[in-house]
Every structure is written in structure tokens, then in C-alpha cells.
Amino acid sequence: MNTCLGFLGVNAGMFSIRYLVGRRLILLVGSLGCGLSQLAAAISASIMPSSPNTLVAFMAIFMVFYNGCIATASYIVATEVVSSRLRA
């Protein structure tokens with residue numbers, strides 16, 4: 001499940017960066033999605049600790065946001081951080 005969600009997320013993220021939204025917005029959406037999914041998992045675990053299915057669902061949502069947004073854009077952004085003088 002993790003590999004399939006990662007594969008779908010990376011392909012959706014690459015398409016979104018290239019044709020739809022750009023790097024900055026994809027990183028913001030990914031960070032917001034990851035944070036909210038972790039917060040929702042923590043709230044659901046504290047309210048109903050005997051329900052592991054909700055934790056699995058929120059972790060799957062986290063993996064889609066991470067692979068589709070943050071992991072996809074991190075390689076592109078990391079090459080832009082370093083100055084041209086250092087790269088040469």
C-alpha cells in the first residue's frame with residue numbers, strides 16, 4: 001500500500017509542479033496536508049485509542065501528501081538554494 005500511494009503521489013506531484021501550480025504552492029500545500037493529517041491522527045488516537053484503522057488511514061493520507069508534494073519538490077528546491085558560484 002505504501003509503495004502504491006507513494007508512486008501515485010509522486011506522479012501527481014510532478015504533474016502538478018510542471019503544469020498546474022508551481023514549486024512554492026506545492027510545498028505549502030504539502031506541509032499543510034502533512035501537518036493536518038498528523039494532527040488528525042493524534043486527535044483520533046486520543047479520543048478513540050482502540051481504533052487503529054483511523055491511524056492507518058491518516059498515515060496513508062500523510063504519505064500521499066509527503067510523496068506528492070514535499071518529496072517531489074525537495075530535489076528541485078535544493079538545487080536552487082545553492083548559489084551559482086558554489087555550483088561552478
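Helices (H or I, at least four residues) and strands (E, at least two) are DSSP runs, numbered from the N terminus. The structure is a predicted model, in which local features need pLDDT of at least 70 and side-chain atom pairs count only at pLDDT 80 or more, while totals for chains, interfaces and linings use all residues. Residues are numbered from 1 along each chain as its sequence is written, and side-chain values use heavy atoms, leaving out hydrogens and water.

**Packing of two helices**

- Helix α2 (residues 23-47) packs against helix α3 (residues 52-81) at an angle of about 155 degrees, and their axes are 8 Å apart; axes are lines fitted to C-alpha atoms, for helices over the stretch in contact, and angles run from 0 to 180 degrees between N-to-C directions.
- α2 and α3 are therefore roughly antiparallel to each other (an angle over 145 degrees).

**Aromatic pairs**

- The whole structure contains 2 aromatic pairs, meaning rings of Phe, Tyr and Trp (its six-membered ring) with centres within 6.5 Å; planes under 30 degrees apart count as stacked, over 60 as edge-to-face and the rest as tilted.
- Phenylalanine 15 and tyrosine 19 form a tilted pair, 5.1 Å centre to centre with 45 degrees between the planes.
- Both phenylalanine 15 and tyrosine 19 lie in helix α1 (residues 2-20), 4 residues apart, about one turn of the helix.
- Phenylalanine 62 and tyrosine 66 form a stacked pair, 6.2 Å centre to centre with 15 degrees between the planes.

**Accessibility**

- Phenylalanine 15 is partly exposed because its relative accessibility is 45% (buried means under 20% relative accessible area, exposed over 50%, partly exposed in between, with a 1.4 Å probe and protein chains only).
- Tyrosine 19, at 57% relative accessibility, counts as exposed.

Terms used: Angles under 35 degrees count as roughly parallel, over 145 as roughly antiparallel, 65 to 115 as roughly perpendicular and the rest as oblique.
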